[in-house]
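Here is a short briefing on one structure. Keep the sequence and the 3D view at hand while reading.

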Amino acid sequence: MLKSVTEMPKIAVTGPEQLPAARTLTLSEGPRVVARLTYFLSADPLATLQLLDVNVVEDERRKGHGSRIYNAALDDARKLLGQARLRRVFAGVAHKSHIPLRALLTHLGFHHVSTTTGLYKGEDLLVYIKAYT
């Protein structure tokens, strides 16, 4: 069943309008928050976006919310950058406790490029990157 226009998910953005900036996007369906994404965007000429936190409510996963909020974050970052181009996006992900996020990043075209040990107790940190040209 299709949702009416009033029931469509809404995305709210909070954070500074100047670079560098850390901003948070919240995806809501009605009064319920179903996804949240926080990112840090560096100033030009580096134009690098770091995903700091990505969370989709467990019973709302596999419904496209992660892709939707990620794409909204890209749009928001590109507006902040103006004429500068976004060069790359990266995320550090705990290898055991963030399996759903690893799946989302792979789905979005990210590549695992590095593994760091010793930062988390009992698990490694995996670094994922997606480059834009």
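**Sheet, helices and side-chain contacts**

Strands β5 (residues 88-94) and β7 (residues 123-131) run antiparallel and are joined by seven bridges. The model is predicted.

**Sheet**

- The sheet is open and has seven strands, in the order β1-β2-β3-β4-β5-β7-β6, with mixed pairing.
- Its edges are β1 (10-14) and β6 (111-120), each of which pairs on one side only.
- On average, neighbouring strands are turned by 25 degrees against each other, direction ignored.
- β1 and β2 pair antiparallel over five bridges. I11 finds its bridge partner in L27 of β2.
- These two strands form a hairpin with six residues between them. In the turn, G15 has a positive phi of about 140 degrees.

**Helices**

- Helix α1 (residues 65-81) lies across β1, β2 (21-29), β3 (32-41), β4 (48-56), β5 and β7. It runs at about 40 degrees to β3.
- Helix α2 (residues 99-107) lies across β4, β5 and β7, and runs at about 155 degrees to β5.

**Aromatic rings**

- One aromatic pair turns up in a search of the whole structure.
- Y70 and F110 form this pair, edge-to-face, at 5.7 Å centre to centre and with 70 degrees between the planes.
- Y70 sits in helix α1 and F110 in the loop between α2 and β6, so the pair ties together parts 40 residues apart in sequence.
- Both Y70 and F110 are buried.
- R78 lies over the face of Y132, at 5.3 Å from the ring centre.

**Salt bridges**

- There are five salt bridges in the structure.
- R23 pairs with D76 in a salt bridge, with the closest N and O atoms 2.7 Å apart.
- R23 belongs to strand β2 and D76 to helix α1, so this pair ties together parts 53 residues apart in sequence.
- R23 and D76 are buried.
- D59 forms a salt bridge with R32, again described by its closest N and O atoms, 2.7 Å apart. D59 is in the loop between β4 and α1, while R32 is in strand β3, 27 residues apart.
- E60 also meets R32 in a salt bridge, at 2.8 Å from N to O. E60 lies in the loop between β4 and α1 and R32 in strand β3, so the pair ties together parts 28 residues apart in sequence.
- R32 is partly exposed, at 35% relative accessible area, whereas E60 is buried, at 8% relative accessibility.
- Shared partners join R32, D59, E60 and K63 into one salt-bridge network.

Key: Residues numbered from 1 in each chain as written. Predicted model: local features only at pLDDT ≥ 70, side-chain atom pairs only at ≥ 80, totals over all residues. Heavy atoms only, no water. Pairing = 2+ DSSP bridges. Helix = DSSP H or I, 4+ residues; strand = E, 2+ residues; numbered from the N terminus. Axes fitted to C-alpha atoms, helices over the stretch in contact; angles between N-to-C directions. Contact = heavy atoms within 4.5 Å. Phe/Tyr/Trp six-rings, centres within 6.5 Å; stacked < 30°, edge-to-face > 60°. Buried < 20%, exposed > 50% of the residue type's maximum accessible area, 1.4 Å probe, protein only. Lys NZ or Arg CZ within 6 Å of the ring centre and 35° of its normal. Salt bridge = Lys/Arg side-chain N within 4 Å of Asp/Glu carboxyl O.
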